[in-house]
Amino acid sequence: MKAVSDGIHARYPDVKVIPSMSAGATDSMHFRGRGVPSYGIAPIFMKQSDQFAHGLNERTPLSELAPAVTYFRRVVTELSK
């Protein structure tokens, strides 16, 4: 949680980081089925009205791509220490 929180707070210092559960299936289900704890993180911020997950109009704002890469790099680097 610290690596996730630090990554988000580097861009948005005042945002609360709250764990939640996704009801959808992910590739993690195969790891969890083998007993490997698996978690997902999502650093993309967008309006709820613009989220169309898995639809023909699914999209991510271009303005979120570079910050998301920076976030993932920061989290993975921290977790690999």
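1. Burial. Buried residues make up 15% of the 81 residues in the protein. Buried means under 20% relative accessible area, exposed means over 50%, and partly exposed lies in between (1.4 Å probe, protein chains only).

2. Basis. This is a predicted model, in which local features need pLDDT of at least 70 and side-chain atom pairs count only at pLDDT 80 or more, while totals for chains, interfaces and linings use all residues. Residues are numbered from 1 along each chain as its sequence is written, and side-chain values use heavy atoms, with hydrogens and water left out.

3. Fold. The protein has three helices and zero strands. The order from the N terminus is α-α-α. Helices (H or I, at least four residues) and strands (E, at least two) are DSSP runs, numbered from the N terminus. The C-alpha trace spans about 35 × 30 × 20 Å along its principal axes.

4. Contacts along the chain. Take contacts between residues at least 6 apart in sequence: 57% of them join residues at least 24 apart. Contact here means heavy atoms within 4.5 Å.

5. Core. The largest nonpolar core has five residues: Ala3, Val4, Ile8, Tyr71 and Val75. H1 and H3 each supply at least two residues of this core. H1 gives the largest share, three residues. Such a core is a set of buried Ala, Val, Leu, Ile, Met, Phe, Trp, Tyr and Cys residues joined through side-chain atoms within 4.5 Å. Val75 is in contact with Ala3, Val4 and Ile41, leaving aside neighbours within four places in sequence.

6. Cavity. There is one cavity of 30 Å³ or more. The largest cavity has a volume of about 40 Å³. Its lining is Gly7, Ile8, Arg11, Tyr12, Pro43, Phe45, Pro67 and Tyr71. H1 gives the most to this lining, with three residues. By class, the lining of the largest cavity divides into six nonpolar, one polar and one charged. Ala, Val, Leu, Ile, Met, Phe, Trp, Tyr, Cys and Pro count as nonpolar, Asp, Glu, Lys and Arg as charged, and the others, Gly among them, as polar.

7. The largest pocket holds about 1700 Å³ of space. On a 1 Å grid over the protein atoms alone, a cavity is a set of points where a 1.4 Å probe fits but cannot get out; a pocket is an open set with protein on both sides within 12 Å along at least five of seven lines; lining residues have an atom within 4 Å of a point. Points are joined across faces, edges and corners, and a volume is the space filled by probe spheres set on them.

8. Pocket lining. The largest pocket is lined by 40 residues, with Ser20, Ser22, Gly40, Ile41 and Ala42 nearest its centre. Helices H1 (2-11), H2 (28-33) and H3 (62-79) each supply at least two lining residues. H3 gives the most, with six.

9. Ser38. Ser38 sits in the loop between H2 and H3. Ser38 is buried, at 18% relative accessible area. A polar atom of the Ser38 side chain lies 3.1 Å from the backbone oxygen of Val36. Ser38 also touches Ser28, Phe31 and Arg32, not counting residues up to four places away in sequence.

10. Val69. Val69 lies in helix H3. Val69 counts as partly exposed, at 46% relative accessibility. The C-alpha atoms of Val69 and Ile44 are separated by 9.9 Å, with the two residues 25 apart along the chain.

Methods: A polar contact is a pair of N or O atoms within 3.5 Å; within protein, one must be able to donate a hydrogen and the other to accept it, and residues adjacent in sequence count only if both atoms are side-chain atoms.
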